[in-house]
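Please report on the fold, the core and the strand pairing of this protein.

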Amino acid sequence: MKEMDASKPVAQDSPGYTVSSDPARIDAKAAHAFLSRSYWAQSIPYETVERALSNSLCIGAFHEGTQVGLARLVTDRATFAYLADVYVLEEHRGRGVSKMMMQAMRDHPELQGLRRMLLATRDAHGLYAQFGFKPLMAPDRMMEINQPDIYTRGGRASAG
């Protein structure tokens, strides 16, 4: 089932799994449990995960009502989105759950007509390529402030 009315969350069903963008269904504790041990957000504080989720468009994957995956989009819902914190719990991988979340993201009514979507990944290039992501067209135009140890040194991000 896909709901394409912009006033309703996008949802998809697959045998045993549901994918939904309904913010009321997103489980911050479940997201924190995974993200705090991930390679990209190791030791992230719960409060940071909670704030990030509440300020993003999230697509959760659920199995029998329990959150087993997440894709978080930082977006203005008009021109730009950054895809972050995509995961599927190990025991649910290989069942098409990440593809369901990516398709829900591509179909979401609030993400249509965006000029640019970005993401960073260490090892899932093949998945994202299936949904239209490509290497940067002009990497020389991109810049970053990267603080990979921000959560382990106990500080907040700064420009310095």
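**Confidence.** This is a predicted model. The mean pLDDT is 90, and 88% of the residues score at least 70. Residues 1-8 fall below 50. Beyond near neighbours in sequence, that stretch still has 16 contacts in the model. Where pLDDT is low, the predicted coordinates should not be read in detail.

**Fold.** The protein has four helices and six strands. Their order along the sequence is β-β-α-α-β-β-β-α-β-α. Of the 160 residues, 39% are buried. The accessible surface is about 9600 Å², and carbon and sulfur atoms account for 50% of that surface. Take the contacts between residues at least 6 apart in sequence: 55% of them join residues at least 24 apart.

**Core.** The largest nonpolar core holds 39 residues. I59, L83, M101 and M102 have the most contacts inside this core. Elements giving two or more residues to the core include β2 (17-20), α1 (28-35), α2 (46-54) and β3 (57-63). β4 (66-75), β5 (80-88), α3 (97-107) and α4 (125-129) also belong to that list. α3 gives the largest share, six residues. In soluble globular proteins, nonpolar side chains tend to be buried together.

What does L83 touch, leaving aside residues up to four places away in sequence? Its partners are A71, R72, L73, M102, M105, L118, L119, A120, Y128 and F133.

**Strands around β5.** β5 is mostly covered, with seven of its nine residues buried. β5 pairs with β4 and with β6 (residues 116-119). The two pairings are set out here.

| Pair | Sense | Bridges |
|---|---|---|
| β4 and β5 | antiparallel | six |
| β5 and β6 | parallel | four |

β4 and β5 form a hairpin, with four residues between them. R77 lies in the turn and has a positive phi of about 60°.

**A loop residue.** S21 sits in the loop between β2 and α1. Is S21 buried or exposed? S21 counts as buried because its relative accessibility is 9%, and the cut-off for buried is under 20%. The S21 side chain makes a polar contact with the side chain of H108, at 3.3 Å.

Note on methods:
Residues numbered from 1 in each chain as written. Predicted model: local features only at pLDDT ≥ 70, side-chain atom pairs only at ≥ 80, totals over all residues. Heavy atoms only, no water. Buried < 20%, exposed > 50% of the residue type's maximum accessible area, 1.4 Å probe, protein only. Contact = heavy atoms within 4.5 Å. Areas by Shrake-Rupley, 256 points an atom, 1.4 Å probe, with all protein chains shown as cover. Core = buried A, V, L, I, M, F, W, Y, C linked by side-chain atoms within 4.5 Å. Polar contact = N/O pair within 3.5 Å; in protein donor to acceptor, adjacent residues only side chain to side chain. pLDDT = per-residue confidence, 0-100. Pairing = 2+ DSSP bridges.
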